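Good morning, colleagues. Please have the sequence and the model open while I speak.

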Amino acid sequence: MSETLAVDVAGERVLLDAARAVYWPARGVLLIADAHFGKAQLLRESGIALPEADTGGDLARLDDLIARHRPQQLLVLGDLVHGRTSANAQWIAAFAQWRGRHTSLHCSVVRGNHDRHLDAGGLGFESIAASQFEPPFVFAHEPHPDPRGYVLAGHIHPGVVLRERHAPKARLPVFWLRDASAVLPAFGRLTGLWPVAPGPGDRVIAVARDRLIRLPAGARQPA
Amino acid sequence: MSVAQDDARYSAALLQIESWFIGRGWTPADFQREVWKHWRAGRSGLIHAPTGSGKTLAAWGGPVLAALARQAADPTPALPPPKRRGVSPRPLRVLWVTPLRALAADTHANIAQFAQDLGLNWRVLRRTGDSGSAERARLARGEADALVTTPESLSLMLSYADASERFAALQAVIVDEWHELLGSKRGVLLELALARLRGIATAGGGALRLWGVSATLGNLDGALDTLLGASGRGVIVHAKTPRATEIRSLLPATTARFPWAGHLGLSQLPQVLDALAAVRSTLLFTNTRAQAELWHQALTAVWTHEPETLALHHGSLDRVLRQRVENGLRDGALRCVVATSSLDLGVDFASVDQVIQIGSPKGIARLLQRAGRSRHRPGEASTVLCVPTHNLELVEIAAARRALAQGRIESRLPLRGCIDVLAQHLVTRALGGGFEPAQALAEARDTHAYCDLGASDWAATLQLIAQGGARLGAYPDFRKVVAAEDGRLVVDSKRIAHLHRLSIGTIVADGQIGVRWMQGGALGHIEETFLARLKPGDRFLFAGRTLELVRIRDLTAYVRSARGKPGAVPRWMGGRMPLSSELAGAMQEMLTECAPVEPEMRLAQPMLDLQRALSRVPAPAELLAERVDARDGEHLFVYPFAGRHAHEGLAALLAFRLAKLAPASFSYAVNDYGLVVSGRSLPELNAAALGNLLSTAQLAEDLAGSLNLAELARRKFREIARVAGLVFQGLPGRSKSMRQLTASSTLLFDVLTEHEPEHVLLRQAREEVLHGELDFERLQATLQRSARQSLHLLRPARLTPFAFPLWAEGIRGQLSSEDWLIRVRRMAERLEAGA
């Protein structure tokens, strides 16, 4: 089972989950960002040989999260899908089946830049235009500061690269908790990483498989 | 036309060429005449000649002679009546392939001028990645008789639907600097393209001549066979009296102690400055880009008079900056250029007086190449001035001179069976008019790289491009090539065609980020992983300047000029080459010779005397090992002189086998001469026990156990996935739609390992790690040799001169059975400690 870690953010207690999600117990909201469903399909249609493997794994991870936290609501912080794929693609059928297993769960998505062609209703999701304010949090796709409250967002796929001489690098996704915003790691398995440079005072928690590792704030990585 | 008439016209053309030579105060060299004769007889071959010996005209003279004779016989088509836009289509006859775009410009100018001087009505065009749309359009309209191009651009041309018409009348391909392509995937890509061109020629009832031009290699025969393909036959023509090369060392005036370790060599700066001041212009070669940056920085500090005459050149700098330096070299405006292998070949810089090499060149062929970059007067030796950076490099340089005198030059072994390159070529063929599988297989097997390609590998390659992988149903909606009605495999999607053409080639950059000034203007590119460690405001050294990072946006790092000390110098992947076997062999011979005559050896004597006093200096028939128990731990040093790649595998193997004797955690370090395995306590060993640890029994299994081969393969997979078209390179300036298609190759590797562990490209990655990265053959040969050598296991009282550099490498390469998570936690802790 993947590890969880309770942290205080903007005075609220939330759980970071190594399945790359955040759970907000006070409101029963499960948050994920940057799932990029259908990415493998899109790549295959462009001639890149990638087996149909990500959708099933990502949905199973969502199932686990739901079983563990029993949320009332699932909120996706943008980029639920990767792009436009054909309507009868295999992943859509798998996704619809998954949605059918969780009919009582309210699902919504803050539209991200990849969601331009998203048919949210078709996938059983409520679509939220830009951002949503639920004190003390603002749910958004891009982590721009918002005067209304503390921003929870995705978009940048934050990560770190750990290195050691003579050993291969380890690239790990991270939760990046800052003064006015927190960025979730990308949920989808087939997503890349953007190495971030945390400032002093930032909290960075890395996901190493099913474990969470706190990284020191503002550390310089040794050459 | 009678034979006699033909001969007469040919003789007339030959006279014309001879008088062109005489007009310049030259005469055609024997080897040039020999090549022309072979050419006339329809033969193919390899010209073995150093830079600046007239190799270009040797290769180009053949087709020009033939064309002149033909023009004399049938002058009517000369300058045909203007049709559309002034020129009518004409068949492409000669293709000139060069590995460097920068070289293409010079070659193009030279051969076009030669043809024009002789009154040949040929139009010579150039097609490289730098060509503008106008030139490409002229080419597409069929306005060239001869074309100068690169392997990648040739591949691109083969991807156009009319490829077989374009090349139908081709009579010859000339491959310049073939040694530079041999042994790389670029070479394999070219082999496939040449096989395709041979196929087109054969289909049209013609025959294609193939001529290669190569610098000195240990395996010229192999180079010829690889160029001509499985069915080809040809001759090797040697340029007579190849210019002698003199290797000299820049030695400190005093016999003050020379450093035992270190490779930057900045302590030799005073001598280098004197050498720079003695001549008008110098090329200063370093072995890595980081070293070039540091040397440039050190020189800048003292180069206060005419600072604009000092410049830097390496492969990560922007093309415009590099061209500016190349032009400065050509017109003599620069006095010193600090360079890496980016200037190893190519353009002749007539105005360069002197070549300096910092540190060991690690190979004789490479040193020869670099020595040849300076001005050469006919009959004079070309000189290279080597700057040893530590004690053992003194021996290396003396050994290089010895090996060169004995003609022991490295071979460059051609690659075989790269499935990734074959997959790319097949998609290119599917685009270029489509292919019939049986015929494409026959063509592939006509290359050296795939002459023994098995039926199952062929089937797997076709599956890869037709259905994605071997597992049916695992790749829904995958499409790349599809079968047309007539059974030919084609590409029917414009998008796939576009993406494939964008990614033709085998040169893989490692996650590069562009570096630009805030106010505009490109400086070059740096590895993403280096920039990821910098924060805005941090300073670093790049392009010979101290820069301050302002921000990173859209795969571009914006910088401004900064003052003060830079914080870091970017390090690039794949920096250092291992010491070649030839050089290592000569080095071992030099070590034990008494009464040294070489100046380097005399300077190295105090160090060797100390080594002898503390331990032993091994003869070639001996293998030396040293056991030193020190306060910081116990160390086992072994000196096989097999180069750093082989030592890396050997050290891991030794640590693994030691751990089987006494379970513990060991670390190791390597250099080109030897290796050290260290631990808190090492098991007691005698020479016989150490001999057992170096046995070849169960070598492959123990290696697999000792190194994390899966992780190494995952890294290797990056290049393979890119060449095979499984991932697209994220390049600065690529469009958003392109970036939407980026998938990280490590993710791809994991997904494939999970779902299709026998995937043909995963297998290739494992093989490339074993045979390329770990140099398995050399490692095995080293072990076999050690069994024949007499093993001397000594216990010196303290660290010897041989041991010190290895010890100084520090505790590296922790080898233990700890799992990945613990390692990650430890790395995180180390971050903590460094914070």
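Predicted model: local features only at pLDDT ≥ 70, side-chain atom pairs only at ≥ 80, totals over all residues.

What percentage of the 835 residues in chain B do buried residues make up? They make up 47%, where buried stands for 20 or more other C-beta atoms within 10 Å of a residue's own, exposed for 12 or fewer, and partly exposed for anything in between, with C-beta atoms placed from the backbone.

Residues are numbered from 1 along each chain as its sequence is written, while chains are lettered from A and ligands numbered from 1 in the order in which they are written.

Let me begin with the overall layout of chain B. The chain has 32 helices and 25 strands; these are DSSP runs numbered from the N terminus, helices being H or I with at least four residues and strands being E with at least two. Among the contacts in chain B with a separation of 6 or more, 76% are between residues 24 or more positions apart. Two residues are in contact if their C-beta atoms, placed from the backbone, lie within 7 Å.

The domain assignment, which is automatic or taken from a database, divides chain B into domain 1 (3-238), domain 2 (245-405), domain 3 (419-506 + 711-769), domain 4 (512-561) and domain 5 (615-707 + 774-821). Taken over C-alpha atoms, the centres of domain 1 and domain 4 of chain B are separated by 42 Å.

I turn now to a pair of helices. Two packed helices are described by the angle between their axes and the distance between the axes. In chain B, the axes of helix H15 (residues 391-405) and helix H22 (residues 599-614) come within 9 Å and cross at roughly 145°. Here the axes are lines fitted to C-alpha atoms over the stretch in contact, and angles run from 0 to 180 degrees between N-to-C directions. On the H15(B) side, the contact is made by Asn391(B), Leu394(B), Val395(B), Ile397(B) and Ala398(B); H22(B) contributes Glu600(B), Met601(B), Leu603(B), Ala604(B) and Met607(B). These residues divide into eight nonpolar, one polar and one charged. In that classification Ala, Val, Leu, Ile, Met, Phe, Trp, Tyr, Cys and Pro count as nonpolar, Asp, Glu, Lys and Arg as charged, and the others, Gly among them, as polar.

Two further helices of chain B deserve attention. Helix H23 (residues 644-661) has 18 residues and reaches 25 Å from its first C-alpha to its last, close to the 26 Å expected at 1.5 Å a residue. The expected span is 1.5 Å times one less than the number of residues. H23(B) is mostly covered, with 14 of its 18 residues buried.

Helix H29 (residues 760-773) of chain B has 14 residues that should span 20 Å at 1.5 Å a residue, and its end C-alpha atoms are 19 Å apart, which agrees. Its buried residues include Val760(B), Leu761(B) and Gln764(B). The buried residues of H29(B) pack against helices H16 (419-431), H18 (455-466), H26 (709-723) and H30 (776-788) of chain B.

What follows concerns backbone geometry. Most residues other than glycine have a negative phi, and most peptide bonds are trans. Asp775(B), in the loop between H29 and H30 of chain B, has a positive phi of about 50° although it is not a glycine. Why does Asp775(B) count as buried? It does so because it has 23 C-beta neighbours inside 10 Å. Ala543(B) also has a positive phi, near 55°, and its place is in the loop between strand S18 (539-542) and strand S19 (545-553) of chain B. Ala543(B) is partly exposed because 19 other C-beta atoms lie within 10 Å. In chain A, the peptide bond from Pro135(A) to Pro136(A) is cis, with omega near 0°, and Pro136(A) lies in the loop between strand S8 (132-134) and strand S9 (137-139).

Finally, I come to Pro361(B), which is found in the loop between strand S12 (354-358) and helix H14 (364-371) of chain B. Pro361(B) is buried, since 27 other C-beta atoms lie within 10 Å. Not counting residues up to four places away in sequence, Pro361(B) touches Arg366(B), Leu367(B), Arg370(B) and Ala400(B). Its C-alpha atom is separated by 8.7 Å from that of Cys386(B), 25 residues apart along the chain.
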